Amino acid sequence: MERSICKLEQFEVPLLQKNAIPKIIANIAGREVFNVRIERLALDCRRKGKPHYVCNATFSIEPTDEIQQNLNSKNLIKKSNAKPCEVSIIGAGPAGLWAAYALLLKGHKVNLYEQGKPVEERFRDIRRFLKGKIFLEHSNIFFGEGGAGAFSDGKLNTRSRTEFSQAVLGDLISLGASEEIAYLSKPHIGTDRLQFLIKKMRKQILELGGNIYFESKLQDISVSGNSLNSICINKKWQPCETLVLANGHSARDIYEMLSAHGVALEGKSFAVGVRIEHPQSFINELRFGKGVDYKLTGAADYTLTGKTAYSFCMCPGGVVIPCASEPNGAATNGMSYSRRNSPFANSALVVPHSIDKNDIKSGIAFQRQLEQAAFEVGGKNFSVPKQTANNFLAKKSAPCNLWDFMPNDICQNLEAALYEFDKKMPGFIKNGLLIAPETRTSAPIRIVRKENCESVSVSGIYPIGEGAGYAGGILTSAADGVRLAYAI
């Protein structure tokens, strides 16, 4: 009998039946179903007090022996017939790790350089920073194996899923992540689990013959006739004709060095603002309603877009952490563990910032000025300034006043947004605590590249990921690394 493939969209799944989706589909179809594949599962909380899942799935109504193979880098990247080349990659964040892995699958020789430490050592350094404010320039929340995303919420958000992002999700599942990340509308892993996946990725790169060098910093490049010919790592020059730059959005010295060698850069708009923290119980009740078992729903999140500001990188059940990449500046970020069981929720509340197009360095200068001012106000020990939303609106200095050191136009836009968001989420102001500044939302500079990811001005240089200005977050950065291997 010929097998029929069916698709069912937007059907409701009760919270308690999340693991019984095949049975729900069989009840809807009125017959036995086979080969159920969940394509999307999203939490719907529009009916207060009655949250539920909405699901899209495919299935067959006849059994089959066919096995559907999930897309991953091994299935996407085919070994090239061309002569293998030697590639140097700078940065072991998501973009650099997946570029290394995919290029090795294609048959190239890979040397991966990371200025920071392996992820397990890096996590110890970060814990010392958070407890004792001991700052290390190359091993911190921004730098080290795993990149900035390794010490975050571990969100795998993307506006649209491509074959490259799907391949990365498949890789993560093979490394040990839950299969749910392939179909949840807002998948996340959590900081605590990310480090173990990163270690497994490192092991795979080494098993494929790749070389990884930690505490190895790119300090300079040599360009001849608009072509790269060598690089300087830890004060030692070595030949290099193919350089992948996966440096992340906070490696400011890389932008300076590239500019000095005539590599085409352009200013890029970004956003700045604050973190706003609320009790998670307040967000849960507001989003889901009363009488809901929040153990079934998980911690509630939100997305807000206003006329002057918007929420960004919302961390349900998370914590706000201070961070820095320079010894005299302080910024803030949000993170959460896999269980998202902190009693607090936080989100960036940011204002779009337009840069001076005639000065590509103006974005970094603006970030640095704001972070240095926060460092002074916070007591010069990497503590970040805090103020209740009510006191911010009243401009009271208790314990500090964000209006005193943050740009007036940013504060005015945040002020308008708070009133606007309080109408959408009553109590948003009353229960809110502002923590400043949020400055590292994205790269303030783009390294201009061609369709094949190569620099438009210097051949042999391939900028990728968030630091290059072509990605935003863990998933899109890693996908950009796979895209590079596919196109190079």
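**Reading the cavities**

Mentor: Searching the whole structure turns up two cavities of 30 Å³ or more. The model is predicted, with local features needing pLDDT of at least 70 and side-chain atom pairs counting only at pLDDT 80 or more, while totals for chains, interfaces and linings use all residues. Residues are numbered from 1 along each chain as its sequence is written, and side-chain values use heavy atoms, without hydrogens and water.

Trainee: What counts as a cavity?

Mentor: Rolling a probe the size of a water molecule over the atoms shows where empty space is left. A cavity is a set of points, on a 1 Å grid over the protein atoms alone, where a 1.4 Å probe fits but cannot get out; lining residues have an atom within 4 Å of a point. Points are joined across faces, edges and corners, and the volume is the space filled by probe spheres set on them. Here the largest cavity has a volume of about 110 Å³.

Trainee: Which residues lie nearest the centre of the largest cavity?

Mentor: Pro 94, Trp 98, Leu 194, Ile 198 and Ile 474, out of 15 lining residues. Helix 3 (94–105), helix 5 (163–175) and helix 6 (191–207) each give two or more residues to this lining. Helices are DSSP runs of H or I, at least four residues, numbered from the N terminus. Helix 6 supplies the largest share, four residues.

Trainee: How do the residues of the second largest cavity's lining divide?

Mentor: Into six nonpolar, two polar and one charged. Asp, Glu, Lys and Arg count as charged, Ala, Val, Leu, Ile, Met, Phe, Trp, Tyr, Cys and Pro as nonpolar, and the others, Gly among them, as polar. Asp 125, Phe 129 and Asn 140 are among the lining residues, and the volume of this second largest cavity is about 50 Å³.

Key: On a 1 Å grid over the protein atoms alone, a cavity is a set of points where a 1.4 Å probe fits but cannot get out, and a pocket is an open set with protein on both sides within 12 Å along at least five of seven lines; lining residues have an atom within 4 Å of a point.
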